[in-house]
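Visitor: Can you walk me through this structure? I have a few quick questions.
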Amino acid sequence: MALKGVIFDIKKFAVHDGPGIRTTIFFKGCPMDCWWCHNPESHSTEPETITREIFTGTSSKACYERKELIGKEITLEEAMDEILKDQVFYEISNGGVTFSGGEPLLQSEFLLAILKKSKENNLHTTLDTSGCASSNILKKISNFVDLFLYDMKLVDEEKHKKYTGKSNNTIKQNLEMLTKAGQQVIIRIPIIPTINDSLDDVKQIGEFLSKLKIIRVELLPFHKIGEDKYKKLNKINRMKDIRKPTKEHMRTIKERLEKYGLLVKIEE
Ligand code: SF4
């Protein structure tokens, strides 16, 4: 039987998911439940159908429902066909393919197979991960990954459990393992007001990262892009009263992290 994965999107000509022009494949399923997640449609590992109410006409009662399928199964061959369509763009821009999610490591068999195939085709591979997976799986997969985009949300374990639903012990250990093995790692930190943007949170992150060999830190300011998705999925949005951080606050966090000898960039 053909090996299949479940994905919820394919982004072509992506320029923020690693170097150059890339194709990003979004895997469905995530073991975490971050309060600020802007891809809530990625959480379940299964394809799911949602019902949208579309309003028409002038009367508030004039509406119809539209079914929308989120996620689909894809074979390894279909995924590679899609990826290889843009090979010429990867070559001229030093780009490649990125696997994101959700959490791609949750579908480790499919991920490993697609990574191997990508390397057989000489593609640069990037894995965008929360690091929330078994160390053995990550070790096996890391042989076929050129660059990790590794999320770091909080160092304090209790806060991490509260706001993501998971302990961060394995996540921290996995990051230490990758950096000790000489893997190329960019750390991505979502900056979430009232959750991980206090001086103490930033100090803990700075101290932890200062001991590791990483390329740089990218700060991702919280935004409200995912808000509509929560409504569509009938899920509670726990961040509706939180505003995005100001540019000045982002600069302050950047400067504080730089004091730990880290190269820090603010992403928009
Ligand atoms: S790890 Fe990423 S995809 Fe998973 S819940 Fe958190 S923000 Fe969403």
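Visitor: Are F27 and F110 buried or exposed?
Guide: Both F27 and F110 are buried. Keep in mind that this is a predicted model.

Visitor: How many aromatic pairs does the whole structure have?
Guide: A search of the whole structure gives 5 aromatic pairs. In one of them, the ring centres of F27 and F110 are 5.8 Å apart and the planes sit at 50°, so this pair is tilted.

Visitor: Where in the chain do F27 and F110 sit?
Guide: In distant parts of the chain, 83 residues apart. F27 is in strand β2 (residues 22–27), and F110 is in helix α3 (residues 108–120).

Visitor: Which residues do ring pairs link into a cluster?
Guide: F27, F99 and F110.

Visitor: OK, on to W35 and Y163. What kind of aromatic pair do they form?
Guide: W35 and Y163 pair edge-to-face, with 4.8 Å centre to centre and 80° between the planes. This pair also links distant parts of the chain, 128 residues apart. W35 lies in the loop between β2 and β3 (48–55), Y163 in helix α5 (residues 157–164).

Visitor: Why does W35 count as partly exposed?
Guide: Because its relative accessibility is 23%, and partly exposed starts where buried, under 20%, ends. Y163 has a relative accessible area of 11%, so Y163 is buried.

Visitor: New topic. Which residues are around the ligand?
Guide: C30, M32, C34, C37, S42, H43, G102, S130 and K153. By class, that shell has 4 nonpolar, 4 polar and 1 charged residues.

Visitor: And which pocket does the ligand take?
Guide: The largest pocket.

Notes:
Residues are numbered from 1 along each chain as its sequence is written. This is a predicted model: local features need pLDDT of at least 70, side-chain atom pairs count only at pLDDT 80 or more; totals for chains, interfaces and linings use all residues. Side-chain values use heavy atoms; hydrogens and water are left out. A residue is near a molecule or strand if one of its heavy atoms lies within 4 Å of it. On a 1 Å grid over the protein atoms alone, a cavity is a set of points where a 1.4 Å probe fits but cannot get out, and a pocket is an open set with protein on both sides within 12 Å along at least five of seven lines; lining residues have an atom within 4 Å of a point. A molecule sits in a cavity or pocket if more than half of its atoms lie within 2 Å of its grid points. Ala, Val, Leu, Ile, Met, Phe, Trp, Tyr, Cys and Pro count as nonpolar, Asp, Glu, Lys and Arg as charged, and the others, Gly among them, as polar. Rings of Phe, Tyr and Trp (its six-membered ring) pair if their centres lie within 6.5 Å; planes under 30 degrees apart count as stacked, over 60 as edge-to-face and the rest as tilted. Helices (H or I, at least four residues) and strands (E, at least two) are DSSP runs, numbered from the N terminus. Buried means under 20% relative accessible area, exposed over 50%, partly exposed in between (1.4 Å probe, protein chains only).
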